[in-house]
Amino acid sequence: MSQNDQQQSARQLDELRRGIDELDSQLIELLAKRAALTSKVGDVKAKTGMPIYVPEREAELLEKRKNQAAECGVSESLVEDLLRRIMRESYHIQNNRYRCINPGIKRVVIIGGAGALGKVFVGLFERSGYKVDVLEKDDWHRADEAFKEASLVLVSVPINLTVDVIEKLSTLPSDCILADITSIKDKPLEAMMKVHPGPVVGLHPMFGPDAPGMIKQVVVICHGRQPQAYEWLLAQMQTWGATLFEVTAEEHDKAMAFIQVMRHFNTFVYGAHLAGENPNLALLTQLSSPIYRLELAMVGRLFAQSPTLYADIIFNNPENFLLLKRFHQRFGEALAILDKGDKAEFIRQFNEIGAWFGDYAQTCLVDSKRLLLKADDDQMLRTGA
């Protein structure tokens, strides 16, 4: 290519880039206008009590825009990714104020409200216009006074302290709702039912304190006593954007053995093995594909958090130890297949397990591909070590 051609190409490229820059600038302005409208939507929802997150509305919006993208020759998946990210930001903008579902509530007392998850609930109740009082371990000298006007007492303390704290709550008003947000439910619910004759409900928010609120989050409900008395509380959480899932305390704890105990312990052992082998973490992240970087991130994430929290989850129920021992046994059986060099048996078991997962395995493959594309786009966690 001649020098003149190179200069002409450079000028064309500069002109095209200026066009792209102008469109990007217009896009920012459009996003600002959309955010302003979103804020007004939040005002309307706060006045009417409409939930922040309406699944049907989101699904309808996405479908319309994807159809429009197809007509315009634009990638449908690109449009969906952009809109989901924009809508997530919109939900956060609307997360500043909520309608108070039950203005007749005198006072919400949150025991442990200065803790990480407790603060989330304090903020949500306050943004809904409720009078909130926080009790910590050094505040028990004023506990009886706080409880006199309490319409709801919410226990948000470490797992190993939950039952002990609940057992101190025998002087609550008879119509006061007693609830907890512990990640185990059977023992706390039993303790609440024993100590308080009024309304009782067990809650488990399936999210951590780093969540900005309850939008698109699941809260497990384990009913105790007088559910009609705490209907407003469940409605309030739905207004905050939560999806409620009702199970018995026993069902909940059995599920948590797999969701929490087994997962956390397995991650702990994985981390221990990495520390013992002492590989170069920076090199591992550089050489890993997105899915392995995410797996490594889940291990590293555990060790960036409170060891006491995870110890309490794992050690809380000795019955969970039997599950972990069975996992250990199956790990040994799998190693025995390797020792024998029996590749055919490995494949046979692989297919058998795949059949157990059924269609869910294919769903996971499709969904994980979308997730991994996002992780690869911004080189997520590649240089974090």
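In this predicted model, nine residues of domain 1 are in contact with six residues of domain 2. The area buried between domain 1 and domain 2 comes to about 610 Å², and carbon and sulfur atoms give 69% of that area. The count of salt bridges between domain 1 and domain 2 is one. A salt bridge is found where the side chains of Lys216 and Glu58 meet, with an N to O distance of 3.0 Å. The centres of domain 1 and domain 2, taken over C-alpha atoms, are separated by 39 Å.

The bounds of these domains, together with those of domain 3, follow the domain assignment of the protein chain and are set out below.

| Domain | Residues |
|---|---|
| domain 1 | 3-94 |
| domain 2 | 108-247 |
| domain 3 | 252-378 |

A further part of the picture concerns a pair of helices. Helix α9, which covers residues 249-277, and helix α11, which covers residues 290-302, have axes that come within 9 Å and cross at roughly 95 degrees. On the α9 side the contact is made by His264, Thr267, Phe268, Tyr270, Gly271 and Leu274, while α11 contributes Leu296, Met298, Val299 and Leu302.

Notes. Residues are numbered from 1 along each chain as its sequence is written. This is a predicted model: local features need pLDDT of at least 70, side-chain atom pairs count only at pLDDT 80 or more; totals for chains, interfaces and linings use all residues. Side-chain values use heavy atoms; hydrogens and water are left out. Axes are lines fitted to C-alpha atoms, for helices over the stretch in contact, and angles run from 0 to 180 degrees between N-to-C directions. Helices (H or I, at least four residues) and strands (E, at least two) are DSSP runs, numbered from the N terminus. Contact means heavy atoms within 4.5 Å. Domain bounds come from an automatic or database domain assignment. Buried area is the accessible area (1.4 Å probe) that two parts lose on being put together, summed over both. A salt bridge is a side-chain nitrogen of Lys or Arg within 4 Å of a carboxyl oxygen of Asp or Glu.
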